[in-house]
Amino acid sequence: MRAVDSSSFSTKINMTTTLNQQTLSHLDWLEAEAIHILREVAGQCSNPVLLFSGGKDSLCILRLAEKAFRPGRFPFPLMHIDTGHNYQEVINFRDQRAAELGERLIVRSVEDSIKRGSVVLKSADESRNKHQSVTLLEAIEEFGFDCCIGGARRDEEKARAKERIMSFRDEFGQWDPKNQRPELWNLYNARSHKGENIRAFPISNWTEMDVWQYIEREKLGLPSIYFAHNRDIVMRNGGIFPVNVPLTNGEIINQPKAGEEIVNMQVRFRTVGDITCTAPVPSDADSLSKIVVETATTTITERGATRLDDQTSDASMEQRKKEGYF
Amino acid sequence: MSKLENLPAHTDSLLRFLTCGSVDDGKSTLIGRLLYDTKTILADTLTQIERTSQKRGMESVDLSLLTDGLQAEREQGITIDVAYRYFSTGTRKYIIADAPGHEQYTRNMVTAASTANLAIILIDARKGVLTQTRRHSYLAQLVGIPHIVVAINKMDLVDYSQAEFERIRVTYLEFAEQIGLQRDGRDISFVPMSALNGDMIVDRGSALSWYQGPTILELLESTPPAHSERTEPFRFPVQFVCRPHASDNPELHDFRGFMGRVESGQIAVGDEVTALPSGLNSRVKAIQLGNTVLGHAITEQSITLLLEDEIDISRGDMIVKTALAPAPVKQLNAMVCWLSETPLSSARTYIIRHTTRESKAKVGSIAYKIDVNTRAQLPAEGSLGMNDIASISFKLAQPLMVDPYDVNRATGAFIIIDEATNNTVGAGMVQA
């Protein structure tokens, strides 16, 4: 192991005095729980990997990993499953953050799965979001990973509310909601046989608000598209749809359809994912403190507002998870 | 309460609690009410359940739909598993463990209870104290939940009668006395309420003016946080050892950090400590979190400990204060809840995972089983099946550093793993 230069972060531990003993504030408690989970992965698994997209949840996990393992290196590489349809700002931020940390970043792309023939798109403009599962499973096999650490939260979606912190997946990457391992106290069972896989979710118990407050407290950097900015959009199916988005390879995707009127609107993204299925919300929140207030006063759930892929059916997420999605 | 008043502060505390009861008791409605009245439910979710309520021909919004589960569950009309839900009030963040009321009840309730500091036990005012009420109460006691709230629901269906409420309260207290529920400083509160109308949950409503006590939310807000009510000895199971071997940074060349979470007690720089099972002594040189240096650390804090002496410590070892060290044991008695459809087999070797340590274990003998409805001890005939609870002795291949569960929930608990399938098949609580 090689030591990494002391990074700039510093933490004040907030303590609330109660009765005869001090207890942790909710943010400190959530942080301590997540660090504990990351260290259990490191202690129990022989070849884990941290899924890192450049999004806000995975950026929180990187900070948690710094707190868990510095001054040592992370006991796992970072990996991004790139649909090829990601915002440039996010991809650049992803690379920048990995470089700052001095940690190894693996990128595997859905594009390569398409070339191999393991992913077949129904049409050229079909969302590649659900196909990430195939590329992820291929990468797990390629590297022999026995655990993937992800940033999923139980408050995001009802199929996640019953997810374990250490979630077992069979050889096909499948999640069986009827056959989950009981998870008691903080005694996690991350054992798996060869070919099987554990998905570990250190921020399971965090809400969207917790994430933003943690980002605010830790002064974490974020891709610029989380903050209010002007963007060309059209209204499609009652929602805001970003159009004419340039990719890192120079290609422009999300062309407007005939008859759609392009509007330049002040928006920001609450979640960041595949361009074809992630919608921004109208917002003037251009700072972290404004985002925290906006999160507290919004009337729309995180995925309700922004994830077009979850709206196709009541059980979309559950279905994708059974197929190996994280 | 407006949303902005609810804006949580960074310094809010946290409480984990459990709700027990069946859908018929109004458990889902209670949870829906807590989420709705604390403005946790957002407009799109509400629109969705309004639509479903209308489709099912209901006049008002059915808040129980907020906890509607997975497709697999809806198809079979059952609740499979513990669900976790969240809300904040502006002073506290809450994590609700919502255990389903039917199938596999014991297993799910023990799972949900394991992390809870308070249990809300629901009683239907029309039905009073039932067998399931006794079972919930006994399991809450078994798993060591220090605060019990008996929520007497559906008061609207008994004309908000104080006499009915009193009758149920007295019956429950008699039963609580029998099982010693109030021993070990456990407290019991009674709240009359109507989840349907929202009386005495967040708002007081107007129908229960004879009741002067706190609402459900007021009880939640005033319950002391976990680990704050008694002094516990310092227990630090080592999760991971950090040795950066930094050739470019001489300060880190000899760095040897023992990483883990303080499961109980406190530690400060300079404290005398012992590593177990080796029994080697040293002193705390430094406490860190990432690159931040701390003077001391408290329960549930994840830290890195540096010691003054170079002693051999690895994952699975435990660092304790020298003055209050537990004795490593190679045999233990425990109350075990069996979680697997495959029965316990005395012929087999299992893995016990206790804190960060694992040991092979064999069943010595089963002393007795427990009837979870009556709490009676039954002769241990046959094996242990799913949802059974029994007192079992184990022989261990490796020493474990345990405390009695009654004294320390973190170091008194263990899980049993089936080596062949890697499944978690049992939950154990060490007996004194």
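Mentor: Domain bounds here come from an automatic or database domain assignment. Keep in mind that this is a predicted model.

Trainee: How far apart do the C-alpha centres of domain 1 and domain 2 of chain A lie?

Mentor: Start with the bounds. Domain 1 of chain A covers 24-207 + 318-322, and domain 2 covers 211-312. Their C-alpha centres are separated by 22 Å.

Trainee: How many residues does each domain of chain A bring to the contact?

Mentor: Take the two sides in turn. Domain 1 of chain A gives 24 residues to the contact. From domain 2 of chain A the number is 27.

Trainee: Which helices of chain A each supply at least two residues of the side of domain 1 that touches domain 2?

Mentor: Look at that side by class before naming them. It holds eight nonpolar, eight polar and eight charged residues. The helices that each supply at least two of its residues are α2 and α3 of chain A.

Trainee: How wide an arc do the buried residues of α3(A) cover around the axis?

Mentor: First, the residues. V90(A), F93(A), R94(A), R97(A), A98(A) and L101(A) are buried. They sit on the same side of α3(A), because their arc around the axis is only 130 degrees.

Trainee: Is G151(A) buried or exposed?

Mentor: Find it in the loop between β6 (147-149) and α6 (158-161) of chain A. Its contacts beyond four places in sequence are D57(A), S58(A), C60(A), I61(A) and I203(A). The cut-off for burial is 20 or more other C-beta atoms within 10 Å. G151(A) has 25 such neighbours, so it counts as buried.

Trainee: Which residue does a cis peptide bond join to L276(B)?

Mentor: Omega is about 10 degrees for this bond. Search the loop between β10 (272-276) and β11 (280-289) of chain B. The residue is P277(B).

Trainee: What is the phi of E300(B)?

Mentor: Most residues other than glycine have a negative phi. E300(B) is not a glycine, yet its phi is positive. It is buried, with 22 other C-beta atoms within 10 Å. Its phi is about 75 degrees.

Trainee: Where does N422(B) lie?

Mentor: N422(B) also has a positive phi, near 65 degrees. It is partly exposed, with 18 other C-beta atoms within 10 Å. Its place is the loop between β21 (413-417) and β22 (424-430) of chain B.

Trainee: How far apart in space are V262(B) and S302(B)?

Mentor: V262(B) is in the loop between β8 (257-261) and β9 (267-268) of chain B. It counts as buried, with 26 C-beta neighbours inside 10 Å. In sequence, V262(B) and S302(B) are 40 residues apart. From C-alpha to C-alpha, the distance is 6.3 Å.

Technical notes: Residues numbered from 1 in each chain as written. Chains lettered and ligands numbered in written order. Predicted model: local features only at pLDDT ≥ 70, side-chain atom pairs only at ≥ 80, totals over all residues. Helix = DSSP H or I, 4+ residues; strand = E, 2+ residues; numbered from the N terminus. Buried ≥ 20, exposed ≤ 12 C-beta atoms within 10 Å, placed from the backbone. Arc of directions from axis to C-beta. Contact = placed C-beta atoms within 7 Å. Nonpolar A, V, L, I, M, F, W, Y, C, P; charged D, E, K, R; others polar.
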